[in-house]
Amino acid sequence: MTTLPTSVSGPLADVDFAELEKSLQRPRTLINAALDVVVTAMTVLALIPLFSVVWMLAVRGGKKLSLAVLTQLPPAPLEAGGGFGNALLGTLVIVGLAALWTVPFGILNAVYLAQAKPEDRLATGVRFATKVLTGFPSILAGVFAYGAVVLLTGGFSALAGAVAISILMLPVVVLTAEDAIRAVPARMKEAAAGMGATEAQTVWMVLLPTALPGILTGVMLAVARAAGETAPLIFTALFSNYWLSSHGQIHLMQPTASLAVLIYNFAGMPFDNQIELAWAAALVLVLIVLALNIAGQALSRRLPE
Amino acid sequence: MAEAVSVAQEPSSAQRFADAAFRRLCQLCAAAALALVVFIVLRIAISAAPALSDYGPGFLTGTTWDPNKGRYAILPEIWGTLYTSILALVLGTLFGVAAALFLAEGFLGEFVYQLLKAPGLHLHPLWSKLPARAEDALRNLVELLAAIPSVVYGLWGLFVVIPTVRPFCNWLYAHLGWIPFFSTSLAGPGVLPAVLVLSIMILPTITAIGRQALVSVPSKLRMASYGLGATRWETIIGVLLPTASRGIFGGVVLAFGRALGETMALAMLVGNANQIRLSLFSPANTLAALLANNFPEAGPRQVAVLMYAALVLLAITLVVNVAGALLVQRAAARTEGAQ
């Protein structure tokens, strides 16, 4: 605390120092302090849902969670026990299938975009198309897959679900991979070119290895987003009460269960057991999504400057 | 070792061929990505064509949805989509911009700094990092809101939000029922729970873009304002918000696009009632929820009708998203120019 001088001579004689003191009695400072409080309160209020969701998941989902729940088939109405093993497997298969073609396709697109000259019209078009896909409602990805795959093959299937999901993954993979490749220092590219490397060699031996952490971050984020998506799966992969594989065969052309659709279906049922299972499935789904997000962020922190 | 082997050498013809093939492959992929987006739009449009010619523009203005009589129209769904999205946007913008200011102005860091200053730890090599760490943690928490799948929000809305708000809503209905917004009781799912959950889901978008816009305001403007003796909030309201307004607005428009297309939370919480009501407590329906609920059991005829509804949703979100992206881009170009 500094005390203000009470009397001054010279050019400052006219200044009223009491006027300069910060005091809550003045409207200006009072409003300032009040708005500080308001904004703090609003931010805390905005975070309450997050804590509420996490709390409910931990309490209601954690109560039901067990190894049996992760490995058993969904129960019939009024039946006790059961689990969502087939839905967990279904989510992994659908997302894996989607990643299988989206990741290479997306990275090749990113290479093209990162290497394209500024006046390249195709690159401008692709960049615009990718931005459009970023804001594409997830339900419309499902509508497209329904029209393009379900109607064509005559039934709901894991494949149709994967097609729908891959449309939502693509922009995330392309945009983050392009950024990562562009972030590779130009001197490394020039050194490769100076040694007589072709463009393909530069991409494979210099750009992609250097940009790998950034590209993987994008893949993780895309997979995390895909795993949580429900809307595109409701009428493409539909749901199933049985395992994806039987007699040693995997049926990709059959209706397939997924965690997200299981939560949606079970949340609306009037049976306590199903609702408890929905909470447990939600906990597992959030844990998967969070693990992928955290892994992605940890990777991006190791990006070269 | 008669002569040194040079590492640098001209590419062999095989390497040249591989290079050309790889470049062509990349180009092909880019063309395929562009074609994919065109194909998506065309696929939906072509599937909608039969319904488009059967129902025409009357589809957008009628209010009947009756599969038994084969009469379809989606005005209630368009109304529900816009009504819930706009209300969620108002709430989300208020709280989202507040959170963006809280993050951009380093309120939390300052608070932690003051806490550390009391025991004299603010210059300690380890403890002094705490304010910045706390800021990072808070930013990650807000981003976490965006990472939670929408179906989980729907579940939470069903079992937490609806039971929590129901007493308040029914009190409002009983005492202030003459106000159109409170003119029905909340039986379960309805507009208000859907709006609350929707606003939580779009808040991270507004906060992230708003924070970016606020942080990129040139610091000389902020310094000049403080130098003239303005308080923090005089600076925020008079200088920071107007300068960052375009970027913030772009974020709001992008969030609007998200809200329009959001499906699961609404399908679970809005009540799926085909009606146009002003009341916040009555059930309603949205385009996305209509698609989610009707597609699994749709016959060939209804599929065309639903494709038409999907086309309408696509058109609305496309316009909003492109506008939002352009606004954010232009705002970024402007602040870069100022620096």
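Reader: In what pattern do the elements of chain B follow one another along the sequence?

Author: In this predicted model, chain B reads α-α-β-β-α-α-α-α-α-α-α-α-α-α along its sequence, which amounts to 12 helices and two strands. Chain A also has 12 helices and two strands, but its elements run α-α-α-α-α-α-α-α-α-α-β-β-α-α from the N terminus on.

Reader: How should I read the radius of gyration of chain A against the globule rule?

Author: For chain A the radius of gyration is 28 Å, well over the 19 Å that the globule rule gives for 305 residues, so chain A is more spread out than a compact globule. Its C-alpha trace spans about 100 × 70 × 35 Å along the principal axes.

Reader: What share of the residues in chain A is buried, and what share of the accessible surface of chain A belongs to carbon and sulfur atoms?

Author: Buried residues make up 51% of the 305 residues in chain A, and of its accessible surface of about 14,500 Å², 67% belongs to carbon and sulfur atoms. In chain B, 48% of the 339 residues are buried, while the accessible surface comes to about 15,900 Å², with 67% belonging to carbon and sulfur atoms.

Reader: Which residues does Ile40(B) contact, once its neighbours within four places in sequence are left aside?

Author: Ile40(B), which sits in helix 1 (residues 13–55) of chain B, is in contact with Leu133(A), Phe136(A), Phe144(A) and Ile167(A) when those neighbours are set aside. Its relative accessible area is 1%, and Ile40(B) is therefore buried, the cut-off being under 20%.

Reader: Is Thr207(B) buried or exposed, and what does Thr207(B) touch?

Author: Thr207(B) is buried, with a relative accessible area of 1%, and its place is in helix 7 (residues 191–215) of chain B. Not counting residues up to four places away in sequence, Thr207(B) touches Gly96(B), Ala99(B), Ala100(B), Leu103(B) and Val142(B).

Reader: What describes a pair of aromatic rings?

Author: The general idea is that such a pair is described by the distance of the centres and the angle of the planes. Over all chains, the count comes to 17 aromatic pairs. In one of them, the rings of Phe239(A) and Phe266(A) have their centres 6.4 Å apart and their planes at 65°, so the pair is edge-to-face. Phe239(A) lies in the loop between helix 10 (231–234) and strand 1 (245–246) of chain A, and Phe266(A) in helix 11 (residues 259–267) of chain A, so the pair ties together parts that are 27 residues apart in sequence. Phe239(A) counts as buried at 16% relative accessibility, and Phe266(A) is buried at 3%.

Reader: At what angle are the ring planes of Phe107(B) and Trp233(B)?

Author: Their planes are at 40° and their centres 6.5 Å apart, so the pair is tilted. This pair links distant parts of the chain, with Phe107(B) in helix 4 (residues 107–117) of chain B and Trp233(B) in helix 9 (residues 232–261) of chain B, 126 residues apart. Both Phe107(B) and Trp233(B) are buried.

Reader: Which residues form one aromatic cluster in chain B?

Author: One aromatic cluster is formed by Tyr55(B), Phe59(B), Trp65(B), Tyr72(B) and Tyr308(B).

Definitions and conventions:
Residues numbered from 1 in each chain as written. Chains lettered and ligands numbered in written order. Predicted model: local features only at pLDDT ≥ 70, side-chain atom pairs only at ≥ 80, totals over all residues. Heavy atoms only, no water. Helix = DSSP H or I, 4+ residues; strand = E, 2+ residues; numbered from the N terminus. Rg over C-alpha atoms; globule rule 2.2 N^0.38 Å. Buried < 20%, exposed > 50% of the residue type's maximum accessible area, 1.4 Å probe, protein only. Areas by Shrake-Rupley, 256 points an atom, 1.4 Å probe, with all protein chains shown as cover. Phe/Tyr/Trp six-rings, centres within 6.5 Å; stacked < 30°, edge-to-face > 60°. Contact = heavy atoms within 4.5 Å.
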